[in-house]
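Colleague: Could you walk me through this one? I'd like to start with the strands and then move on to the charged side chains.

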Amino acid sequence: MLTTVGQTPDTAIPAGDAQTLHGVAAHFQLGEIIEVREITEGVMNRNWQVTTDTGRYAVKQVLDVSADKARRQHEVTAALAAAGLPVPAPVTGGEGDTVWEIPAGAFAVLPWVAGAHQPCLQWSLEQCRRVGDLLAELHGALAGLLPGAEPAPAQVAEPAKAKAAIDRYLAIIGDLPVLEPFDALVRDRLQQRRDLLEQVAHLRPDETALVSPIGWVHGDFHDLNLLWGDGGQVAAVVDWDRLSQRPLAAEVVRSATLMFAHGDERGLDLDRVSAFVSGYTARRPLTPTELADAEHRLWWDRVCDLWQLKRHYDQGSSSCDHLFVSAAALLSWWTDHRADVAGALGAR
């Protein structure tokens, strides 16, 4: 029986998972399993820390992308690792494949990186600059590995669809026999969001404008996908499931607003935002116009976006409820402080 660290047999790894993990260890030639710990951080994939007689590994059940897409990502991350960047290279199985597909699912293995998450609002300004510099370095390396792309129009959320989603969720909440605290909060925030959409409809970004520069990006670059080593440097950038071609400025702005948000009415830590962006642009310049356009488009997306409620009301999962609460608080603050945000981003 496999048990997690510090747990009792009553909370052991389920038999099905244990059998699968033994199979993964055999397929990837990891050795005999000594200990397993399920990693509960994250909401997209399932992950375990597996210790064997040959070392320690991260085992991932790939759920958020197809197995073929995971293989293509692994080709890129292996090349980044070979170039000396802090990106774990995937382990290959006996047949040279990095993804093992079985009836229980698709599985991949990475070497376990010695490091820890560090809350980004505790980073020094110098750490913020270093992380911005690292993102720029990754963008540069990706540009050297993968084909380029021409400027192209970006998708722009439609306010009519957002209003329809608001009304649908309000109807769902209205039909509930008992309102939980989360339901009541969502109802109030959705009513506010509907009013906001009416007020800012004229600010919808131009859906015909070409957005540039376009490049390959990590796609989900934030503090939970960074591991810090003992020397105060980033030891690993993980979770490359969203590797894709997007506007570079969009990733910079998205990362800044994800990492340095307080999660409440305080909004963003603009000093850290500024340090992060300046670290990026010192290595890979972006113009104020490009950053301003990225800020405008991301803010508009946040006005229209309700993806967390799809998880809660359509899929029956509360795993992202806290993200809706923090996103709603940030949107309210951001809408009232757009000039300050633009200034911190260097967009003016």
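Modeller: Let me start with strand E4 and strand E5 (residues 105–111), which run antiparallel and are joined by 3 bridges. Please keep in mind that we are looking at a predicted model.

Colleague: Which residue in E5 is the bridge partner of Ile102?

Modeller: The partner of Ile102 is Gly105, which belongs to E5.

Colleague: And what order do the strands of that sheet come in?

Modeller: The sheet is an open one, made of 5 strands with antiparallel pairing, and the order across it is E1-E2-E3-E5-E4.

Colleague: Which ones are the edge strands?

Modeller: Those are strand E1 (33–39) and strand E4 (100–102), each of which pairs on one side only. Across the sheet, neighbouring strands are turned by 25 degrees against each other on average, if direction is ignored.

Colleague: OK, switching to charges: how many salt bridges are there in the whole structure?

Modeller: The search of the whole structure gives 20 salt bridges. One of them is between Arg254 and Asp220, whose closest N and O atoms are 3.1 Å apart. That pair links distant parts of the chain, since Arg254 sits in helix H6 (residues 248–259), while Asp220 lies in the loop between strand E8 (214–217) and strand E9 (226–228), and the two are 34 residues apart.

Colleague: Is Asp220 buried or exposed?

Modeller: Asp220 counts as buried, because its relative accessibility is 9% and the cut-off for buried is under 20%. Arg254, with a relative accessible area of 22%, is partly exposed.

Colleague: Can you give me another pair, and tell me what its N to O distance is?

Modeller: The side chains of Arg204 and Glu207 meet in a salt bridge at 3.3 Å, N to O. Arg204 counts as partly exposed because its relative accessibility is 25%, and Glu207 is also put in the partly exposed class, at 44%.

Colleague: What about Asp269, which residue does that form a salt bridge with?

Modeller: Asp269 forms one with Arg272, and the closest N and O atoms of this pair are 2.6 Å apart. Asp269 is buried, with a relative accessible area of 14%, and Arg272 counts as buried as well, at 17% relative accessibility.

Key:
Residues numbered from 1 in each chain as written. Predicted model: local features only at pLDDT ≥ 70, side-chain atom pairs only at ≥ 80, totals over all residues. Heavy atoms only, no water. Salt bridge = Lys/Arg side-chain N within 4 Å of Asp/Glu carboxyl O. Buried < 20%, exposed > 50% of the residue type's maximum accessible area, 1.4 Å probe, protein only. Helix = DSSP H or I, 4+ residues; strand = E, 2+ residues; numbered from the N terminus. Pairing = 2+ DSSP bridges. Axes fitted to C-alpha atoms, helices over the stretch in contact; angles between N-to-C directions.
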